[in-house]
Every structure is written in structure tokens, then in C-alpha cells.
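I opened my notebook for a structure I had not looked at before.

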Amino acid sequence: MQRLLSPPLKALTGSRCLRPLVPRAAPGAQCGCSCGMRRPLRPGQYSTISEVALQSGRGTMSLPSKAAGRMVGRWLLVCSGTVAGAVILGGVTRLTESGLSMVDWHLIKEMKPPTSQEEWEAEFQRYQQFPEFKILNHDMTLAEFKFIWYMEYSHRMWGRLVGLAYILPAAYFWRKGWLSRNMKGRVLALCGLVCFQGLLGWYMVKSGLEEKPDSHDIPRVSQYRLAAHLGSALVLYCASLWTSLSLLLPQHKLPETRQLLWLRRFAHGTTGLVFLTALSGAFVAGLDAGLVYNSFPKMGESWIPEDLFTFSPILRNVFENPTMVQFDHRILGITSVTAITALYFLSRRIALPRRTKVAAVTLLALAYTQVGLGISTLLMYVPTPLAATHQSGSLALLSSALWLMNELRRVPK
């Protein structure tokens, strides 16, 4: 037996890559007997690769790639939930006309709300210097001001929570070595988008605080900046949710047929249409276009209202004419639900896994629910609870579309 094992052992111990890992005997420690006794190793001597890793700390820092991927996926799923909460809270803030109540922006200073009567009165006096109080809320009491102030305060503080939910775990995972090279780029982009989102929010609020001597209209933020603020939030939400689903859900090995290729492309286009419909809602909210024509399916007494092209040049009507903005939102909503219905029936013609079929059914159900919420919100003159539910439904619909698109993604070779 010794003759059989001696050559392999000599080959291993003689290898250059393993030679440093073999403990060197102390001077005088060698004996002529074959008793097999091992002397204790001096500090700094290692016998196996695992001992080197443990001693250097590397073995305690890393996780298997699959386990690390699941951890990162769960983290991004939580992050997408916080972004959804910020979008919903921002919608409620807009519906209650609370967004212009805080006339300053400080990253740290404004985290502490007023506590005394003197501080509240000073905050109220600052608000009274801006157009919203002078034109719209000139008879507002301090108690009413506190309500809208706390609404905007909660939205801003939630935004800070979103930033911490992204940045702190990202730094921790980076330090632990749980992010692949590709994932590091994505995480950096997401964290950068979070910071950009906060700055864009204040840039939006500033547009509603500016004095406009030639205008006596209700002060409101720019619908362009509102759409940019919502759009960046939706991009952040979609990117986080897509990455988390890709890490958490096992990928299906579907046969690459022509029908599946068309279904995948159609799902991508439908998701883009849902995103565009949700984004158009920012122009509806920014111009209060939901209060222009409160009838369905006609707009007033006609299918196409007469004041659809009142602005010049014509392109301004798409973004600044409340009638055209509501008309566009209606058309996009009807087109989206039609595309989702067609997508569902196309998916029925292909043999798909059960989870993918559930995603398609969920998308269809949410689409018709969202249409019902939108029509109800319009007919009831945009009540705040119903309008907030409609805005939340757009996120649920977008999430379901991303889920289905993720189910149909191509398996890498």
C-alpha cells in the first residue's frame, strides 16, 4: 500500500502550486521512524487551502453565487416596494394639493419638523409669501396648513428612506463581495438614479413656487417636471423589480419557436405601452385634466371634442391642453387594455409553464380592473381615495407586465 501511495504523494508535494501549503518541519523535528506523528504547526504555517482562506478572512466574507444572488434579489425587491410606496404617497400628496407647503429644501435640516407654536407660525409665515397661499389658500388656518405640510413632509422623508434602502445595503454587499461585475454596474446606476430623483423632486417643486405676475391661474408645478419626476421613479421601480425577478425566479427553458418569439416581442411592446400610459397620467395630474370632461365613453356630447386643438403650434396641445391630455390618456388606456387582451389570447396558443400562465391571467385581470377604476374616477369627479387607488393600480399593472416579460425571457446559451 505504501508503494502505491508514495508516487502520487511525491507528485503532489512536489507541485509548485501546492508546495507553500505543506508545513515545513522544524529543524531537528525529522525522525527516522514511520510512526506518522505530526508536530504542531508554528504560527503562519498552513496545511490546507481552506485554512489559508479562513486565516486570511476570505472564507468568512463570501457566499456561494446562488445564495448571494438570492440575497441581492430580495434586497432589490424590497427596494422596488419602497419606490412604489414613494410613488403612491407622491400621488396622494399631489391630489391633496400639499406639494407646495414646504418652501425650502435641506437634506438634513428639514428632517426635524416644527415642535413649538412659534416654529409652526414661522413656517406658516414663510408659506404665506408664495403664490399658492396668495391665490388659492389665502383663508387657510394654521391647522389646515399643518395637514398639507405633514403630507409633503412624509413624502420627503419617505424619499430619504428609499435612498438609505438602496445605498447602505449596496455598500454592504459590495464590501462582502456578493456583487458580480455586471451587478456592480447596475447597482451604481440604481443608486445614482435615486440621488437624481431627489434633486429632480425639488426642481419640480420650485416650478410651483415661482411668481407669475401675468397669470392668475391656480399655482401648480410644471407638468413637464412632474412627468420627469414620475418617469424617473418608474424607471427606478422597473429596473429594480426586473433585476430582482431575474435573480429570484428560476428561468424557464422554453423551446425557441416562431410563436414564442412573436409573443416575447409583443409582451415587450405591451409593457412599453403600459409604461407610456402611466407616464401620461402625470400630465393629467399636472394640468388637473381629469376635471375637464367627466363623462365616458364620449367627452361631453361628442366623441372628439371641439377644443382639442386650441393651442398654437399644434404640438403644444399634446402637453399643455387639458382636453387633449385627457383624450390622449383615454386613447392610451384603451389601447393598452386591447393589447393586453390580445397578448393573453396569444399566450393561450402556446404551451407555457403554469407560472407563466398565471402571470398572463393576472395581467389581464389587473388591466380590466384598472380600466374600471379609471372610468369610476372620471365619472365621480376625481375623489382622492379613488384617484389614489387608480394611481396605485398603474403600478400593479406595470409590475404584472414586467413579471410576464420576465417569464418569457430568453435562456442564455
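Below are my notes, in the order of my look-ups.

**Ground rules**

I am working with a predicted model, where local features need pLDDT of at least 70 and side-chain atom pairs count only at pLDDT 80 or more, while totals for chains, interfaces and linings use all residues. Residues are numbered from 1 along each chain as its sequence is written, and side-chain values use heavy atoms, with hydrogens and water left out.

**Overall make-up**

I started with the secondary structure and found 13 helices and 0 strands. Here helices are DSSP runs of H or I with at least four residues, strands are E runs of at least two, and numbering goes from the N terminus. Along the sequence the pattern reads α-α-α-α-α-α-α-α-α-α-α-α-α.

Next I looked up burial: 39% of the 413 residues in the protein are buried. Buried means under 20% relative accessible area, exposed means over 50%, and partly exposed is in between (1.4 Å probe, protein chains only).

**The core**

Which residues have the most contacts inside the largest nonpolar core? I got Trp75, Tyr166 and Leu408, in a core of 53 residues. A nonpolar core is a set of buried Ala, Val, Leu, Ile, Met, Phe, Trp, Tyr and Cys residues joined through side-chain atoms within 4.5 Å. Helices that each supply at least two residues of this core include α3, α6, α7 (181-209) and α11 (322-348). The most comes from α3, which gives 9 residues. I jotted down a general point beside this: in soluble globular proteins, nonpolar side chains tend to be buried together.

**Helix α3 and its partners**

Helix α3 (residues 65-95) meets helix α6 (residues 142-176) at an angle of about 165 degrees, and their axes are 9 Å apart. That makes α3 roughly antiparallel to α6. Axes are lines fitted to C-alpha atoms, for helices over the stretch in contact, and angles run from 0 to 180 degrees between N-to-C directions. Under 35 degrees counts as roughly parallel, over 145 as roughly antiparallel, 65 to 115 as roughly perpendicular, and the rest as oblique.

I also noted that α3 passes α6 in a left-handed crossing. A crossing is left-handed if the near helix is turned anticlockwise from the far one by less than a right angle, and right-handed if clockwise. By class, the contact of α3 with α6 has 16 nonpolar, 7 polar and 1 charged residues. For these classes, Ala, Val, Leu, Ile, Met, Phe, Trp, Tyr, Cys and Pro count as nonpolar, Asp, Glu, Lys and Arg as charged, and the others, Gly among them, as polar.

Then I turned to α3 and α8, whose axes come within 8 Å and cross at roughly 155 degrees. That makes α3 roughly antiparallel to α8, and their crossing is left-handed.

I picked out Arg74, which sits in helix α3. Arg74 is partly exposed, at 45% relative accessibility.

**Another pair**

I looked at α9 and α13 too: they pack at an angle of about 165 degrees, with axes 9 Å apart. They are therefore roughly antiparallel to each other, and the crossing is left-handed.

**Cysteines**

How many disulfides does a search of the whole structure find? It finds 0, where a disulfide is a pair of cysteine sulfur atoms within 2.5 Å. The sulfur of Cys195 is 7.2 Å from the closest cysteine sulfur, in Cys191, so it is too far for a bond. Cys195 is partly exposed at 43% relative accessibility, whereas Cys238 is buried at 12%.

Last, the backbone. Most residues other than glycine have a negative phi, and most peptide bonds are trans.

The bond from Phe296 to Pro297 is cis, with omega near 5 degrees. Ser312 and Pro313 are also joined by a cis peptide bond, with omega about 0 degrees. I placed Pro297 in the loop between α9 and α10 (316-320), and Pro313 is found in the loop between α9 and α10.

Glu97 is not a glycine, yet has a positive phi of about 55 degrees. Glu97 lies in the loop between α3 and α4 (117-127) and is partly exposed, at 33%. Tyr381 has a positive phi near 60 degrees. Tyr381 belongs to the loop between α12 and α13 and is exposed, with a relative accessible area of 55%.
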